[in-house]
Amino acid sequence: MTSPVRLALLGCGTVGQEVVRLLHEQSADLAARVGAPLEIAGIAVRRLGRDRGDLPVDESLFTTDALGLIKRDDVDVVVEVVGGIEPARGWLVEALRAGKSVVTANKALLAEDGVALHEAAAEGGGDLYYEASVAGAIPLLRPLRESLHGDRINRVTGIVNGTTNFILSAMDATGAGFAEALEEATALGYAEADPTADVEGFDAAAKAAILASLAFHTRVGAADVHREGITEVTAADMASAQAMGCTIKLLCIAARGVDAGGRETVSVRVHPAMIPRSHPLASVGDAFNAVFVEADAAGQLMFYGRGAGGAPTASAVLGDVVAVSRNRLAGVRAASESAYADLSVRPMGEALTRYHVSLDVADRPGVLAAVAGVFARHDVSIATVRQGSAGGAPGRDGDAELVIVTHVAPDAALAATVGELRGLDIVRSVTSVLRVEGGA
């Protein structure tokens, strides 16, 4: 067996500690798979002396000088599980330019400036692997980058945030409102003390950018992704979805399309949407993730499993560590970034989707015709209308509820329709607007 492959670990939180444990517990198997032992050269942390329980590692390996650790000649592979944009970007660019291979779980950095990392990897000749950045332990990015490289992917639809999926699943199962379901998710450890990145869709949008970049061979950044969170989803929305035989999920959707000039484009979006119970993603509950891929030759594929947590994420990190270590020993590197297609990213207004619109309207003759006229003026076709009583207030016309589901139309036309409806005297309020996906 050859000399050890030496690792610099940046970060020793939940994921970093699991990486250390797996390296220790599976050392013999990992060495056999790589063809050389894997050794930790050092661990960069923010603070020394922190209690890390019974972590099987010598305290002398810890340092607060991450850049100094990266620059050491005896470091072959840099493993980054710190997160955030800076200083992680500077560290990884330095490592890659020096010819070291990098394994990272940093979805935010990859979505914000993956171009800089890929360019640094090309300059230095090392590998850049990031399977753990999307969907935890689920083998997803490498199949997109390698296994499906000979196919044409047309659409990727996924549940890629466990916190929001737990919240929406709880709302669906119990009838709870958003605040109640979030409180439960926090109590069980599924939601952070500040859940903004999850519930406002920032986490899912970063992952959507990474998925779209790989699927469509096009550089897609976080700024290209249309993003909406789940904070406005109500118990009434969930009940309405159930009445249609649907549920509501926070989806990331990346799809090919064609613009007005006939040129191929991609659209990338994250938002809550109704999907039919028959859709494969509808049954994905709790904090699980799943991604549904549609390709020309392979057809429909689904990847499912735990999308977060220390152990699942560490599993993906170690898989990448084995791959880049084998490459280094063989004197080869993996294929570089594939962005040859360079497709333009279509604005959200041009994305084709459907709307579910709930209106509280005056209950008098001619209202339905007036509402339908607004849809017609914006060239939006109505698929179904459901009407019910919404009660009434003393001294005015009674109210009625209209629930309208449209056919497919450009999102801009649908949004303009809703905007005009809000201005009608006969419309007391637009109580809910949700997109509909998957043939519901």
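**Salt bridges, cores and a domain interface**

At 35% relative accessibility, Arg152 counts as partly exposed, because this value lies between the 20% and 50% cut-offs. In this predicted model, Arg152 forms a salt bridge with Asp296, and the closest N and O atoms are 3.9 Å apart. Asp296 is exposed, with a relative accessible area of 51%. Arg152 sits in the loop between helix 6 (141–147) and strand 7 (153–159), while Asp296 sits in the loop between strand 11 (288–295) and strand 12 (299–306), so the pair ties together parts that are 144 residues apart in sequence.

Arg155 is partly exposed at 22% relative accessibility, and Glu294 is partly exposed at 25%. Salt bridges that share partners also build a network from Arg6, Glu39, Arg72 and Asp74. Arg6 belongs to strand 1 (residues 5–10), whereas Asp74 lies in the loop between helix 3 (66–71) and strand 4 (77–80), 68 residues apart. The total count by this rule is 24 salt bridges.

The chain can next be viewed by domain: domain 1 (5–136 + 310–330), domain 2 (141–306) and domain 3 (350–436). The C-alpha centres of domain 1 and domain 2 lie 28 Å apart, and the contact takes 18 residues from each of these two domains. About 1,400 Å² is buried between them, with carbon and sulfur atoms giving 61%. Lys107, Ala111 and Val134 supply 37% of the area that domain 1 buries against domain 2, more than any other three residues. Two salt bridges cross this interface.

Lys107 is found in helix 5 (residues 107–124) and is partly exposed at 26% relative accessibility. Lys107 forms a salt bridge with Asp203, with 3.3 Å between the closest N and O atoms. Beyond its sequence neighbours within four places, Lys107 also contacts Ser133, Ala206, Lys207 and Ile210, among others. An unreviewed UniProt entry lists Lys107 under "binding site".

The largest nonpolar core has 79 residues, and Leu10, Val78, Leu140, Ile153, Ile167 and Leu211 touch the most other members. Helix 10 (residues 202–216) provides the largest share of this core, 11 residues. Apart from this core lies another of 35 residues, including Val20, Leu30, Ala314 and Val317.

Definitions and conventions:
Residues numbered from 1 in each chain as written. Predicted model: local features only at pLDDT ≥ 70, side-chain atom pairs only at ≥ 80, totals over all residues. Heavy atoms only, no water. UniProt positions renumbered as here; feature names shortened; annotations may be inferred. Helix = DSSP H or I, 4+ residues; strand = E, 2+ residues; numbered from the N terminus. Buried < 20%, exposed > 50% of the residue type's maximum accessible area, 1.4 Å probe, protein only. Contact = heavy atoms within 4.5 Å. Core = buried A, V, L, I, M, F, W, Y, C linked by side-chain atoms within 4.5 Å. Domains from an automatic or database assignment. Buried area = accessible area lost by both parts, 1.4 Å probe. Salt bridge = Lys/Arg side-chain N within 4 Å of Asp/Glu carboxyl O.
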